[in-house]
Amino acid sequence: MSYFKKSPWLLHYDGSSCNGCDIEVLACLTPLYDIERFGIINTGNPKHADILLITGGVNEQNADIIKNLYDQMPDPKVVVAVGICATSGGVFAECYNILGGIDKVIPVDVYVMGCAARPEAIIDGVVKALSILEEKYTTMKQEKVA
Amino acid sequence: METLIFLVAFPLLPAALLLLVPNNGVRNIVTRGSFAVIAAASVYLLWQGIGAQPAFYSLEAGLIDEGMFVIEVFLSALIFFLGVKYRNYLTSVFVTLQFALMAVYEFVYAPGVAIEHNLFVDKLSIIMALIIGIIGGLICVYALGYMKDFHSHHHDMKDNRPFFFFVLFVFLSAMFGLVFSNSLLWLFFFWEVTTICSFLLIGYTKTPEATRNAFRALVMNLSGGLAFAGAIFYLASQGLTLELDKLITSPHGLVMIPVALMCFAGITKSAQMPFSSWLLGAMVAPTPTSALLHSSTMVKAGVYLAIRLAPVISGTYVGDMVALVGGVTFLLAAFMAISQSNAKRVLAYSTISNLGLIIVCAGIGTAPAIWAGIFLIIFHAIAKSLLFLCVGTIEHRIGSRDIEAMGNMFAKMPGMAVMLLIGICGMFIAPFGMLISKWAAIKAFLDVGTLMSPILILILAYGSAVTVFFWAKWMGKIISANTLFAPRDPMNDQISWDEWFSEWAHTVLTVAICLAFPLVSQWLVEPYIAGVYGKDFDLTKSMYMITFIMVVMVILVPAISFPSQRNSYAFGTAYMSGRNTYPGRVFDGSIATRKQATLKNYYLQSFFGEDKFMKLGVVMCSCIILIMFGVAFI
Amino acid sequence: MTHLSIGIAYIFLAPLVGGLLMGVDRIVSARMQRRVGPPLLQPFYDVAKLLQKDTIIVNRLQNPALVCHLVFMIATGFLFFEGSDILLIIFLLTLSAVFLVLAAYASSSPFSHAGAERELILMTAYEPMVLLMLVGFYKVIDSFSFYTIVESGKPLILYLPGIFIGFLYILTMKFRKSPFDISISEHAHQELVSGLTSDFSGRSIALVNIARWYEDVFLLGLVYLFFSFNVLGGIAAVLLTYLFEILIDNTFARFKWEAALRSAWIVALVLGGGNLVILYAFMGV
Ligand code: SF4
């Protein structure tokens, strides 16, 4: 039995967003949505996190950082791209410095739509990510046995 | 008695030999051999004395006394001359006064004074002899390797090693004499010899700084010596006893003045404030000197005398004042140690601080306090000596004695890192010795029947809290590293055999003494206390069990967990806000540069700055000492 | 014999009690912020998950140091409830804390390094008060053993009110509560990432958390001593103390380390030292 569903800790990274989505992510912590109900903690530290939650697209400057943060997270881990920017670059896609969505540098497991993504949608995305996390844990365990 | 005389006289033989035969090979053999002989002789003394009562001997003293007087005249003249030559007139004044006192004594009172027992040996002497013989001897062995390196590093200094080793061995001889003397005259003679030896050792390099600091040590210790001479003069002029064992059983009122003077001498020698600057200045000398002065000799002579006198001053105002001097020094020196990044200075402040605690124990002078004080002497001697030797070796290898330069030690010199860690653990971690003694000291202070009790407990509470801080951050520096894959530094293999041997011997002793301390207590310390205080003293036996368990745990748990956890996890890089990092805390900076992050410890200058506490301590302790004399004369 | 079994019971039950208390803490904190909060068993879920996760280390010394931290923490509590000399036990507690700090030093990211330094400052800040408290116990009861104090039936709190308040003050540090959560914090972001634990992951954090449960129970055991003349009253007082700490946690902003050190020392001197001196004056020296 795995406990990932009961205690998902997440790391929120702000790529090149307009901060609209970030406000919504933070709104999830407020009494109205209270994601701690699900045992979710916003750790702010890749080494503690299970879920990498990214808002905004990737640019030349932060591509390395995103990769590095992803690498520093211990397995199993999932990535949730929040908002249209994180999915594809969104309104900034044509900018000279934008590479595109998060999946340009690391594998993304869940895409959350919206500009800005609504808190309900974000929570929904995280909950989706949890089952993927669990799956990954099972495969990880099998690989270890094998 | 033969063992005593042998221990005092034997070191003079290698001393003379080493002075006269300036050959490196001979020096190596003679020094190692003499260490073996001296250590064996002190162990033999232990074996002889373990179940025995304190023994007093009367030596046919006429010739020896005259010989000593002649040497004293010679040494006084030498110091007088040096004082004039280096324009340090205060030295000359002190030595003249002291000589005048002793000369008057010699011609006026000496014929009327009969000294029954000149020499004696009891359990405390045996403990001191073991410390001097084993730790002091090991330091001499260490000095072989170290001084060779020292001179290959410092070409500008004259290689005067024969003289250096000569002084080292004379020092040991004087220390043995000091702890076996029952006659105050002899005690005083050896006391002065240690002062002069330390003066010569500190000034060894002959740099202006070394000379200045050597003179500072000399002046301060001579002031103590002057007080000692004053005590002898007073005792003789009043027709009182000049024997240590009779002195400490004399009625309090009569001997308060000389005892206060001797306590003052002890305070100067053990570098209590306001005299601590000489010990800090002594850091300019080569490491074996520092190790010797700080651990087994010199400063220990000061606390030894204080512990000897404890029964007389216990419960008097003089005793309270002595305890206060120690307490203030203990607290403030610990504060100042926080602000230091120079490893040797940290060690120096910690020594001063610990000596302060021993002086407190002596000043309190109850049986449990003396128990704690003696154990502090033992544990401190071993662990501190180990630390000095390690710092000395490291300094030669990495070219710095700064704690900040000691990062990554486990990769560079794993053996050295382990020894350093054990040494530091010995200083502040339960259940290593220092902490057991501190524990005993708290208990002793609790049962003091005066208002000194809450004062001392407050001092101890704050003092030991900061102790944890400065040791732990040093430990942290040693184990911090993220370049564990770095190849072992070749510097590790350049450490000489003598240094390795001496350091490992210290390390083993540091751990062994923690396991053996119940035996030490039972065989040596408790009988001594029972003898002096006339009552059986029994520290709760249950405590032995629990400390034993703790020692075993402290050794076993890391010993098991470290190797077993070693290779079970994947390595990653340190978290640096998402920046890419590489071994050695190097990270990607902006515009394609690579930068290194350096981490430094906190030194809290604004809180624990040296200047302000040093001034405060000097003023406070000077006042307390004045009060001490005031109450002694009343 | 019973004392020994209570000690052994501590080894098995303390993590349960500690974990539950922490669960209560999180719920109460959430309610204070008008949130619902996590389930009561959340701390256990967290640790279970951490044990299932991979562990990445930066320095091979870090995990062994954490194991030592945990083992010595358990030993501390065990010996305490077994009735050994509390004065010696407090030194063991320090030893355990030093191992935690060393683990953080070993991992050597700037954040864990700063966390380690600050933890040491906190240790410097709280230690005098702890020692004074024990001295207070000894002065009243003449013993350093848990059971002698409990069986004496004396209302320690009446003898040592100042020391108790002083102890509450530093208890906030030991519980890692605001305003003294300067070295480690699991709440939201802070300037030190996660301070001490920044570079720990998986199993390592689990070790830290379990050690914390043991520590919390031990500390509450110390609180209990003040009220030990009445079992039920004592337990109620312990729980109230815990709630009080949660209240403080939620109503104070974080201090700077200077303020933490200075204030803790002044509190120890004035309340702790003052109480002792009065005790000496009244009970005779
Ligand atoms: S998706 Fe919309 S709200 Fe979110 S970061 Fe992009 S532009 Fe801003």
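A search of the whole structure, which is a predicted model, finds nine cavities of 30 Å³ or more. A cavity here is a set of points, on a 1 Å grid over the protein atoms alone, where a 1.4 Å probe fits but cannot get out, and its lining residues have an atom within 4 Å of a point. Grid points are joined across faces, edges and corners, and a volume is the space filled by probe spheres set on the points.

Ala, Val, Leu, Ile, Met, Phe, Trp, Tyr, Cys and Pro count as nonpolar, Asp, Glu, Lys and Arg as charged, and the others, Gly among them, as polar.

| Cavity | Volume | Lining residues by class |
|---|---|---|
| Largest cavity | about 160 Å³ | eleven nonpolar, three polar, two charged |
| Second largest cavity | about 100 Å³ | seven nonpolar, two polar, two charged |

The largest cavity has a volume of about 160 Å³. It is lined by 16 residues, and those closest to its centre are S464(B), V468(B), F91(C), T94(C) and E127(C). Two or more lining residues come from each of α20 (433-446) and α21 (452-479) of chain B and α4 (86-107) and α5 (110-141) of chain C. Helices (H or I, at least four residues) and strands (E, at least two) are DSSP runs, numbered from the N terminus.

The lining of the second largest cavity consists of E72(B), L75(B), S76(B), I79(B), V95(B), Q98(B), F99(B), M102(B), F188(B), E192(B) and I196(B). At least two of its residues are supplied by each of α4 (62-85), α5 (89-109) and α8 (184-202) of chain B.

Helix α4 of chain C also holds L95(C). This residue is buried, with a relative accessible area of 2%; buried means under 20% (1.4 Å probe, protein chains only). Between L95(C) and T76(C), 19 residues apart in sequence, the C-alpha to C-alpha distance is 9.6 Å.

Chain B contains an open sheet of three strands in the order β4-β5-β6, with antiparallel pairing. Its edge strands, β4 (581-582) and β6 (594-596) of chain B, each pair on one side only. Two strands pair if DSSP finds at least two bridges between them. Three antiparallel bridges join β5 (residues 586-588) of chain B to β6(B), and F587(B) has K595(B) of β6(B) as its bridge partner.

Residues are numbered from 1 along each chain as its sequence is written, and chains are lettered from A and ligands numbered from 1 in the order in which they are written. Local features need pLDDT of at least 70 and side-chain atom pairs count only at pLDDT 80 or more, while totals for chains, interfaces and linings use all residues; side-chain values use heavy atoms, with hydrogens and water left out.

Notes
On a 1 Å grid over the protein atoms alone, a cavity is a set of points where a 1.4 Å probe fits but cannot get out, and a pocket is an open set with protein on both sides within 12 Å along at least five of seven lines; lining residues have an atom within 4 Å of a point. Buried means under 20% relative accessible area, exposed over 50%, partly exposed in between (1.4 Å probe, protein chains only).
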